[in-house]
Amino acid sequence: MADQKTGMVPVTYFPTSNQRLFAANAQRIRNTPYARYFEGELFLRSDVLPALRAPMDHRDALGTTPDELSTLLDGGDHAVENGYCLLPDGTAYVASRTFFPGATSDMLAWWFWWFTGEDERYILWHPYTRVGVGMKDRDALTRPGLTHEQRYIGNTAWTVEYVGASRVKAGTHFVKPADWGLDGTRFAEAGIGASVLGELMTNGLRVGRMLRLAREIEGGFELRTRFWIGDRVLLGRNGLDIGPALRALGLKKSLVTDMTAYEQFANDQAGMTHLARLLPSLYREFGQDNQEGDGA
């Protein structure tokens, strides 16, 4: 039952692999500066629950052309801000919106490089699913004079985590909004204070896209997220597109399913809702003096 005051419901389903990981993470984080932020209670907003019960209509999914992506800079909301589905071409699609009360978009930009500095930071995000993390250009985390965005854009974060009961090793190569045709000059008018866009990588393949836009609202910001998993499968980040061959051989259906979309949606909702509870306090303790990388 939802808490009448907060509108939150506790997350109670954790695969046994996630339960074991939580116990291991609890031991790993002891005697670190982050121990007091390690929490076992996760929550979801009650208004998200209907979106977890059935897939959305694929016709309401956002496409990846510059014109379609740019609709995220228009006023108002999309037809579906929380949902998942499998698109007709076999792409797993996720739309996820989470609220960050008492937080600023600058805090989010800080988080997206700061968490890559140590595994113990990463596991705070979702202590039942996060295992380990590393940034390809680690020097960028401490290089003087960089903005938050300059520390992660153009860099690649490699992570190990559970999505559902599956252990996944993946990379996110962060890109500029302009690389996907988004006009950054419209961000201020649209209330966008931070953006995190990435090409998703695994096993030497580029397998999808992630887009996050922090839209300022009264009392904090809302994070609007989109995933497209399996939209294009490339050998390397800019290599040969092997997606058509996978489809022709019937292999894409076994690699990307509606369960891929569902588990990614559930993972994102739980992780981001949890981060929203922690981010203002984490930033106050570890982020205030980090503009020059002092705390990385």
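**Pockets and a surface patch**

User: What is the volume of the second largest pocket?

Analyst: Keep in mind that this is a predicted model. Rolling a probe the size of a water molecule over the atoms shows where empty space is left. For the second largest pocket, the volume comes out at about 420 Å³.

User: Which element gives the most to the lining of the second largest pocket?

Analyst: There are 19 lining residues here, with Val11, Tyr13, Tyr262, Ala266 and Ala270 nearest the centre. By type they split into 12 nonpolar, 6 polar and 1 charged. β1 (8-10), α2 (49-53) and α10 each bring at least two residues, and the top contributor, with 5 residues, is α10.

User: And how many residues does α10 give to the lining of the largest pocket?

Analyst: That pocket holds about 990 Å³ of space. Of its 41 lining residues, Val163, Val168, Ala170, Ile229 and Gln264 sit closest to the centre. Several elements supply at least two residues each, among them β6 (156-163), β10 (220-235) and α10 (258-287). α10 gives the most, and its count is 7 residues.

User: How many of the residues lining the largest pocket are charged?

Analyst: The lining has 23 nonpolar and 12 polar residues. That leaves the charged group, which numbers 6.

User: Is leucine 251 buried, partly exposed or exposed?

Analyst: Leucine 251 sits in the loop between α8 (243-248) and α9 (252-255). Together with Leu249 and Leu255, Leu251 makes a nonpolar surface patch of about 320 Å². Its relative accessibility is 38%, so leucine 251 counts as partly exposed.

Note on methods: Residues are numbered from 1 along each chain as its sequence is written. This is a predicted model: local features need pLDDT of at least 70, side-chain atom pairs count only at pLDDT 80 or more; totals for chains, interfaces and linings use all residues. Side-chain values use heavy atoms; hydrogens and water are left out. Patches are made of residues with over 30% relative accessible area and no salt bridge: like charges are joined within 9 Å, nonpolar side chains (Val, Leu, Ile, Met, Phe, Trp, Tyr) within 5 Å. Accessible areas come from the Shrake-Rupley method with a 1.4 Å probe; for residues, only the protein chains shown count as cover. A salt bridge is a side-chain nitrogen of Lys or Arg within 4 Å of a carboxyl oxygen of Asp or Glu. Helices (H or I, at least four residues) and strands (E, at least two) are DSSP runs, numbered from the N terminus. Buried means under 20% relative accessible area, exposed over 50%, partly exposed in between (1.4 Å probe, protein chains only). On a 1 Å grid over the protein atoms alone, a cavity is a set of points where a 1.4 Å probe fits but cannot get out, and a pocket is an open set with protein on both sides within 12 Å along at least five of seven lines; lining residues have an atom within 4 Å of a point. Grid points are joined across faces, edges and corners, and a volume is the space filled by probe spheres set on the points. Ala, Val, Leu, Ile, Met, Phe, Trp, Tyr, Cys and Pro count as nonpolar, Asp, Glu, Lys and Arg as charged, and the others, Gly among them, as polar.
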